[in-house]
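Good morning, and thank you for coming. Please look at the model on the screen while I speak.

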Amino acid sequence: MYKRLSAVLFPIVTFFFIGAIVWGYQEHQEKNSILIKAENQYQRAFHDLSYHVDKLHSELGQTLAVNAKSQGMHRKGLVNVWRITSQAQNEINQLPLTLLPFNKTEDFLSRISNFAYRTAVRDLTKQPLSDDEVKTMKTLQQNASQISKDLQSVQGKVIKNNLRWMDVETAMASEQKKMDNTIIDGFKTVDKKVGQYPELNWGPSVASVYTKRSVKMLKGQPLTVEQIKTKAEKFLEHKPNEPVQVRVNGKGTEYESYTAFTNVKGDGSSISLDYTKQGMLMSYMDTRSVKAKRISITEAEQAAKKFLKKNDYPSMEVVRYNEFNHVGSLMLVPIIDGVYVYPQQISVRVALDNGEVTGLQATDYIYEHKDRTVGKPKITMKEARAMLNPDMHILFDRKSLIKNDLGEEVLCYEFGGKINGGAYRVYINAENGIEEQIEEMPMLKS
């Protein structure tokens, strides 16, 4: 009996045993294949990064070598610098450096990219490179040379010692405090040196990109936690909410703000309100679920305007509208002397089941609020329209104040129209007729 059972089971057990070995081998091969593929990707990104930083140094040198009056060559060189730094930033993002402090180098490359782009897009025949910008470029060339040498040093060690990036990822993911790894140490050295570079004069257009909005930018006396709580309770006076709590954000810093939060009784939704230190409402969010749509776009606009008026905002007009999950998202801007002022925009979310406002984003309105003169256009609406594609079917036109690629406020003629099966807004500079911006319209507004 035992022999018969063994004769039957032995082949079966042997079959499964061999199958397990084959399966394990295949799994091992697949795992190795994935690891090899990841390692190859890391190696390629690293060597490309080293190449592009070296290329950046070379391109900056070539741009500085041309005649000071060669605006065309300056523009070409700056565009190439922008392209190369963008590629280098992309390659850094492909490396497993999430846990490794390499932020100073990333920030440095970002600033070079913005400096090159914003200098290249302006009219260099009217605004050629200034002495300060040339000085900045010379310093950038020297810095790029040093970074390139340091990366090539790491690259040489990687090749000589056959180092693996997968070991870097493992070392950084481990909980060990000490990370003894040639690649990690090399990148730390690069970042430390970049952090020691003296501050450069990047110019106002680049500086504006990195300017953080702080308490110092706003007028008014700071409020206490209790005063913020009172403001939030008044804002929510018609809501069956639980007691309001207030949290201080960034206490003692120039970015200090308040967050008031509570839960709504019955439906389990939560409400949060963010205030500046001076008590200005920056944002409001009610997380309640929204049922099926029952109100129209026009009713949503009326609800948004009524809400803003109730909360002491000036008269504003809707310039954009989107719908998602039965919620209407509207952008509104103030109008000064017939000009739509986009920098000072407000976004309002309206629940389309009953017209209740469930969200507000007013940070731009608060920080861009200032006495401004929009100026007078130097070309006519007719002349600006002539700059458009003749095939565009114009649906509306108006004067608008926007921020251009240099972060400067410019008066434009805004045209909304259809072409090639799509709807677009085109902003024509009201001073010189240049196309400042073009964007697709998800929904037409007139």
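Trp 82 has a relative accessible area of 34% and is partly exposed; buried stands for under 20% relative accessible area, exposed for over 50%, and partly exposed for in between, with a 1.4 Å probe and protein chains only. This is a predicted model, in which local features need pLDDT of at least 70, side-chain atom pairs count only at pLDDT 80 or more, and totals for chains, interfaces and linings use all residues. Residues are numbered from 1 along each chain as its sequence is written, and side-chain values use heavy atoms, with hydrogens and water left out.

Tyr 117, at 28% relative accessibility, is also partly exposed. The structure contains 5 aromatic pairs. Rings of Phe, Tyr and Trp (its six-membered ring) pair if their centres lie within 6.5 Å; planes under 30 degrees apart are called stacked, over 60 edge-to-face, and the rest tilted. Trp 82 and Tyr 117 make a tilted pair, with 5.4 Å centre to centre and 40° between the planes. Because Trp 82 belongs to helix 2 (residues 71-93) and Tyr 117 to helix 3 (residues 103-120), the pair ties together parts that are 35 residues apart in sequence. Helices (H or I, at least four residues) and strands (E, at least two) are DSSP runs, numbered from the N terminus.

Phe 235 and Tyr 284 form an edge-to-face pair: 4.9 Å centre to centre, 65° between the planes. Phe 235 is in helix 8 and Tyr 284 in strand 4, so this pair ties together parts 49 residues apart in sequence. Are these two residues, Phe 235 and Tyr 284, buried or exposed? Both Phe 235 and Tyr 284 are buried. With Phe 307, they form one aromatic cluster.

Phe 235 leads us to the largest pocket. On a 1 Å grid over the protein atoms alone, a cavity is a set of points where a 1.4 Å probe fits but cannot get out, whereas a pocket is an open set with protein on both sides within 12 Å along at least five of seven lines; lining residues have an atom within 4 Å of a point. The largest pocket is lined by 31 residues, and Phe 235 is one of those nearest its centre, together with Leu 281, Asn 311, Asp 312 and Tyr 313. Helix 9 gives the largest share of this lining, 4 residues.

Lastly, Arg 398 lies over the face of Tyr 340, 4.5 Å from the ring centre; the criterion is NZ of Lys or CZ of Arg within 6 Å of the ring centre and within 35 degrees of the ring normal.
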